[in-house]
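Let's take a friendly walk through this protein model. We will look at its sheets first, and then at its charged side chains.

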Amino acid sequence: MTISARELNRATLGRQLLLERASLSVTDAVRRVVALQAQHAPSPYVALWNRIEGFDPAGLDAAFAARTVVKATLMRITLHAVAADDYQPFRSAVQPTLYGSGLGSRFTDSGLTAQDARQLAAELLVFAKEPRTSAEVQEWLAGKVGAERKDAALRGVQVYAPLHHVPTGGPWSFGARPSYVTAGAAAVPEGREVDVPALRHLVLRYLEGFGPASVGDVARFALVRTTPVLRVLRELDGTVEEFRGPDGKALYDLPGAPRPDADTPAPARLLPMWDSTLLAFQDRSRIIPEELRKVVIRTNGDVLPTLLLDGYVAGVWRLLDGAVEVTAFRDLRPGQWEEVAAEAQPLAALLAERDPRTYSRYHHWWAKLPGGEVRAFGAGGG
């Protein structure tokens with residue numbers, strides 16, 4: 001069975017709660033969409049505002065505080081917010097990638113070995129049973145390896161030791177300087193072999209939130225090798241269905257998973273920086289038109305806040321002087337600016353109340369954008 005590009009788009013939007021906001025708790029919504037990219041603190045909040053009916057940011061504050069939703073380095077060696085019960089299998093599935101990233105040249109040039117990293121990580125898990133600030137962890141490391149090697153040691157130890165980020169306050173629960181706590185692990189995981197049950201869990205969860213998808217899509221999302229992903233999918237024969245994408249490539253999905261019709265209406269949405277929907281696929285044209293891919297995904301990896309129209313990226317937005325300023329890179333159809341306004345005005349209110357400087361450090365990119373129609377929408381409707 002062949003599935004069209006537009007059907008893939010609608011399937012993704014539906015599972016990511018972007019066709020219609022859902023009446024779900026914060027934790028259930030995070031579980032539904034699998035993972036929210038969280039390296040910039042406002043992004044999980046804006047992501048959920050787009051997905052939950054009547055979203056109250058205090059609900060995500062509470063979930064982070066109670067650790068029903070946790071923030072940690074996971075897929076693509078990047079901070080994600082995930083439901084607490086997904087953390088351990090996700091972490092185990094991407095463990096080989098994390099280990100490889102932690103032992104880069106800076107670490108090894110300092111004279112430290114993989115065994116040193118394991119030993120330090122095991123001791124850090126004991127030290128961080130109580131929340132520890134980044135400064136406390138660095139001071140602790142200096143006492144272990146010397147002040148001149150503590151910075152080099154930090155990254156290796158951080159990825160070897162399963163750690164959660166601890167809420168530190170501020171408008172978005174987490175400030176610029178992280179704090180850590182042991183993620184409940186009794187010991188540092190051993191070895192760099194693929195944990196097949198954990199990878200199977202990740203693959204199935206990925207298909208729930210982003211399918212239908214190719215082997216390469218799963219591997220790109222998690223930053224794991226394609227061979228073990230393909231092996232897991234073959235072992236799931238009968239548990240997953242196989243389709244053909246518009247390019248003839250094999251795609252996999254869960255039986256009975258929702259796949260809306262290609263003509264299903266897709267409302268305007270204003271996604272946060274690094275929204276997972278934009279980054280979860282090897283072929284990002286599922287959401288981002290090819291001519292806009294390098295516009296919204298900058299050369300250093302920054303992914304700008306985007307405007308979705310009819311299910312596809314059509315522009316970008318930013319908070320400027322208390323209003324949501326939207327730049328559309330194509331002419332909008334009659335009524336579409338009204339759709340945008342209906343989203344932008346309440347978003348302006350949310351951001352102005354929480355943090356009037358949300359994403360302001362990234363405004364320098366706007367000078368490098370192509371021309372487009374620009375309109376601004378304040379919380380009061382202007």
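Strand β12 (residues 323–328) pairs with β13 in the antiparallel sense, over six bridges. Strands here are DSSP runs of E of at least two residues, and helices are runs of H or I of at least four residues, both numbered from the N terminus; two strands pair if DSSP finds at least two bridges between them. This is a predicted model, in which local features need pLDDT of at least 70 and side-chain atom pairs count only at pLDDT 80 or more, while totals for chains, interfaces and linings use all residues. Residues are numbered from 1 along each chain as its sequence is written, and side-chain values use heavy atoms, leaving out hydrogens and water.

**The five-stranded sheet**

- A323 has G378 in β13 as its bridge partner.
- Both strands belong to an open, antiparallel sheet of five strands, in the order β9-β10-β11-β12-β13.
- At the edges sit β9 (269–271) and β13 (373–378), each pairing on one side only.
- Helix α16 (residues 336–354) packs on this sheet and touches β9, β10 (306–309), β11 (312–320), β12 and β13; contact means heavy atoms within 4.5 Å.
- The direction of α16 makes about 50° with that of β13; axes are lines fitted to C-alpha atoms, for helices over the stretch in contact, and angles run from 0 to 180 degrees between N-to-C directions.

**The three-stranded sheet**

- Another open sheet has three strands in the order β1-β3-β2, with antiparallel pairing.
- Its edge strands are β1 (36–37) and β2 (69–73).
- Five bridges join β2 to β3 (residues 79–83), and K71 has A81 in β3 as its bridge partner.
- Helix α2 (residues 26–33) lies across β1, β2 and β3, at about 115° to β3.
- Helix α4 (residues 57–66) lies across β2 and β3, at about 70° to β2.

**Salt bridges**

- The count comes to 21 salt bridges, each being a side-chain nitrogen of Lys or Arg within 4 Å of a carboxyl oxygen of Asp or Glu.
- E241 and R259 meet in one of them, at 3.3 Å from N to O.
- R259 also forms a salt bridge with D253, with the closest N and O atoms 2.6 Å apart.
- R15, E241, D253 and R259 are linked in a network of salt bridges.
- D253 is buried at 0% relative accessibility, whereas R259 is partly exposed at 27% (buried means under 20% relative accessible area, exposed over 50%, partly exposed in between, with a 1.4 Å probe and protein chains only).
- R318 and E325 form a salt bridge with the closest N and O atoms 2.8 Å apart; R318 is buried at 15%, and E325 is buried at 12%.
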